[in-house]
Number of protein chains: 2
Amino acid sequence: MVKKDYTEVINKIDMVAGKVYNDFIKTEIPSLQLPTRTKANIKFDEKLNVWKYGSNTTERTAKSLDGAYMLLRTMYMADFIKEMIKIKKSSTLREMYYISEGWDMAKFHSQNESNLLAEDLEVITSCMREDFKLRPEEDGARVMGNLTIEEMTRNNTKKKIHCQDDVGDAGYSIPYNVEPEKITFKNCDADFVVAIETGGMFDRLVENGFDQSSRAVLVHLKGQPARSTRRFIQRLSSEKKLPVLVFTDCDPWSYRIYASVAYGAIKTAHISEYLATPSAQYLGVTPSDIENYELPTDTLTKEDINALKSELTDPRFQDSFWKGEIKLQLKIGKKSEQQALAKYGLDYVTDTYLPEKLTEMGLLKK
Amino acid sequence: MVKKDYTEVINKIDMVAGKVYNDFIKTEIPSLQLPTRTKANIKFDEKLNVWKYGSNTTERTAKSLDGAYMLLRTMYMADFIKEMIKIKKSSTLREMYYISEGWDMAKFHSQNESNLLAEDLEVITSCMREDFKLRPEEDGARVMGNLTIEEMTRNNTKKKIHCQDDVGDAGYSIPYNVEPEKITFKNCDADFVVAIETGGMFDRLVENGFDQSSRAVLVHLKGQPARSTRRFIQRLSSEKKLPVLVFTDCDPWSYRIYASVAYGAIKTAHISEYLATPSAQYLGVTPSDIENYELPTDTLTKEDINALKSELTDPRFQDSFWKGEIKLQLKIGKKSEQQALAKYGLDYVTDTYLPEKLTEMGLLKK
């Protein structure tokens, strides 16, 4: 869970160190328990509509040399995290990997090793990486809409930024940490959120003033969305009670982008409820749209076809909407892009396509 | 050249159409002349320190069917650009490709075709793509520093944005168009610009307040920098008379990032003087730094070695600094990353490395 107060995070980390310490005191071989993070132990929770871990657990124990190193690394990492919290710094996962150069025998041998340990620690403590002050390389997704964000800046001052009036046409850049201690949502006078796959389409909707004319908050997904972007959308949706619409290209990879926004990802199954927005709806482009709007298309590749077939058995695509659309796409053998709507001119997407789709979804009154 | 006034752009486009029209009137086969855009006709201008076209020209003529289609497309494209200027819109290159669906026989068959024609038109008219209201998919590089930008927004109002006080910790997002009619640089109280390859390092310098403590404008290059980022740096450097320092990883690909900032790219040789900043200096990480700072390294791959060898014969890397550094790197057989400086802690880069390097370069008084 997300901690608003770092004291709680420190307590959680201390408990991990305490467990190992107590094992030593009791002259037992130190060990830590955590849910098994293999695909077999991850299940799609039909009630919550997100991925969750099952009940299998794994033991990390000093019985083996590798296990002992792993526990040693965990202690160094816990120490590093506590230090960052104390001095109010954060670090990239890459920096932590290099920091470990100073950890003697506990040094990581690959970034994969340090990333995995960060995930382990998330699972063991039920904290999030953001609580540990660890962040990814970058992110930089953008937002435009009638929404005021209050950001706690590096200078420890609160700054209010209106995502139309206070930003340039490139919009507000989502910072790598979007937890409540960093950003809070103030006024938001909008009817829905549109999460957009490509920068070209995001800029099109901005240029056409769709956020202004249709009371929409536009969020750029930047392809497969970063964790902070998914968390931003989840918070915006739940705190401001806004419907979320996902607008992507029409191909199996874009459906996965939708699924990661709506249902979460296997990799982050332990924090799905913080990252996923199960109420998010897929707006388009759909295979039906290809036919109804006579869009320019490309032929499905072998990889596309295999991905579509695998989606037919994916628990996230089991409703009649998805089954129908995926089968249609396999039948017509075509895919399309959101920018293909430009076939009818630069304003078609905002003047015709989106209003029609939104009306169909009951989000726009005629 | 960059036109501040679209009348001039329209005149240039009309001249292209006029040439073809007059050929028809004179019952001559219509044709257009342009510099040959092959590698053989591109030379490194030792005086200007940028890539320029040579004197070879190519004729696009309606003598062949392909040539006739190309001229037809050029006319449609000219018309589309004039229309966009009139209605104050812009379009992505991808959108233009789809727009051509309505051009009947002039329809593009691939995005490559439409991109090439856009470049041809730049060369023929001596205008820039930005003058044509054509833009790339996205960009999203970020800026942080004591610099006020005035942006002409989509609502035709001028907005002043201070790149520290008016933005969140993610900084100011560089828009896709950074020409004078879109953004102007107002106050800038800084001593130099640091252009940074990775988002992780950009965020590190921001978090450590390096822009504040060292009077630096930080620009995120986002790997190989987009055209708008290079243009932004070129304008900032020339208009505000600021030295530009490029801070990247220590490998041959990063040296190419430096070279594209400093000398321009072959692809954009016709507008090198608008995109390149020949005074830009390479700050590091250098192969000497690997030795002097005992940085964590990886072994050079075969591709790395080949790229380094090819740089030894590249006109852009012919001075003693580069020759020495590249030879050293081939000798030690190692590469490193800018974030490897975290070996000595998160503050080392701003407390020790950058001050030492800047002092060495004469940019920081001891």
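Q: Where in chain A is the place of Thr198(A)?
A: This is a predicted model. Strand S12 covers 192-196 and helix H5 covers 199-207 in chain A. Thr198(A) is placed in the loop between strand S12 and helix H5.

Q: Is Thr198(A) buried or exposed?
A: The relative accessible area of Thr198(A) is 14%. Buried means under 20% relative accessible area. Thr198(A) therefore counts as buried.

Q: With which side chain does the side chain of Thr198(A) make a polar contact?
A: Leaving out residues up to four places away in sequence, Thr198(A) touches His220(A), Asp249(A), Gln338(A), Gln339(A) and Glu137(B). A polar contact, at 2.8 Å, joins the side chain of Thr198(A) to that of Gln338(A).

Q: Is Met105(A) buried or exposed?
A: Met105(A) sits in the loop between helix H3 (93-99) and helix H4 (111-125) of chain A. Together with Leu72(A) and Tyr76(A), Met105(A) forms a nonpolar patch on the surface, with about 260 Å² of accessible area. Exposed means over 50% relative accessible area. Because its relative accessibility is 52%, Met105(A) counts as exposed.

Q: What area do chain A and chain B bury between them?
A: The contact takes 58 residues from chain A and 58 residues from chain B. On the side of chain A, Tyr98(A), Arg154(A) and Asp169(A) lose the most area to chain B, together 16% of what that side buries. Carbon and sulfur atoms carry 44% of the buried area between the two chains, and that area is about 4,700 Å².

Q: How many salt bridges are counted between chain A and chain B?
A: One salt bridge joins the side chains of Glu337(A) and Arg94(B), at 2.5 Å from N to O. Polar contacts between chain A and chain B come to 34 residue pairs, both residues at pLDDT 80 or more. The salt bridges between chain A and chain B number twelve.

Q: Which element supplies the largest share of the side of chain A that touches chain B?
A: Several elements of chain A each supply at least two residues of this side, among them helix H2 (65-87), strand S8 (147-152) and H5. The largest share is six residues, and it comes from H5(A).

Q: Why is H5(A) largely enclosed by the rest of the structure?
A: The buried residues of H5(A) include Met201(A), Phe202(A), Leu205(A) and Val206(A), and also Asp203(A), Arg204(A) and Glu207(A). H5(A) is largely enclosed because its buried residues number nine of the nine.

Key. Residues are numbered from 1 along each chain as its sequence is written. Chains are lettered from A and ligands numbered from 1 in the order in which they are written. This is a predicted model: local features need pLDDT of at least 70, side-chain atom pairs count only at pLDDT 80 or more; totals for chains, interfaces and linings use all residues. Side-chain values use heavy atoms; hydrogens and water are left out. Helices (H or I, at least four residues) and strands (E, at least two) are DSSP runs, numbered from the N terminus. Buried means under 20% relative accessible area, exposed over 50%, partly exposed in between (1.4 Å probe, protein chains only). A polar contact is a pair of N or O atoms within 3.5 Å; within protein, one must be able to donate a hydrogen and the other to accept it, and residues adjacent in sequence count only if both atoms are side-chain atoms. Contact means heavy atoms within 4.5 Å. Patches are made of residues with over 30% relative accessible area and no salt bridge: like charges are joined within 9 Å, nonpolar side chains (Val, Leu, Ile, Met, Phe, Trp, Tyr) within 5 Å. Accessible areas come from the Shrake-Rupley method with a 1.4 Å probe; for residues, only the protein chains shown count as cover. A salt bridge is a side-chain nitrogen of Lys or Arg within 4 Å of a carboxyl oxygen of Asp or Glu. Buried area is the accessible area (1.4 Å probe) that two parts lose on being put together, summed over both.
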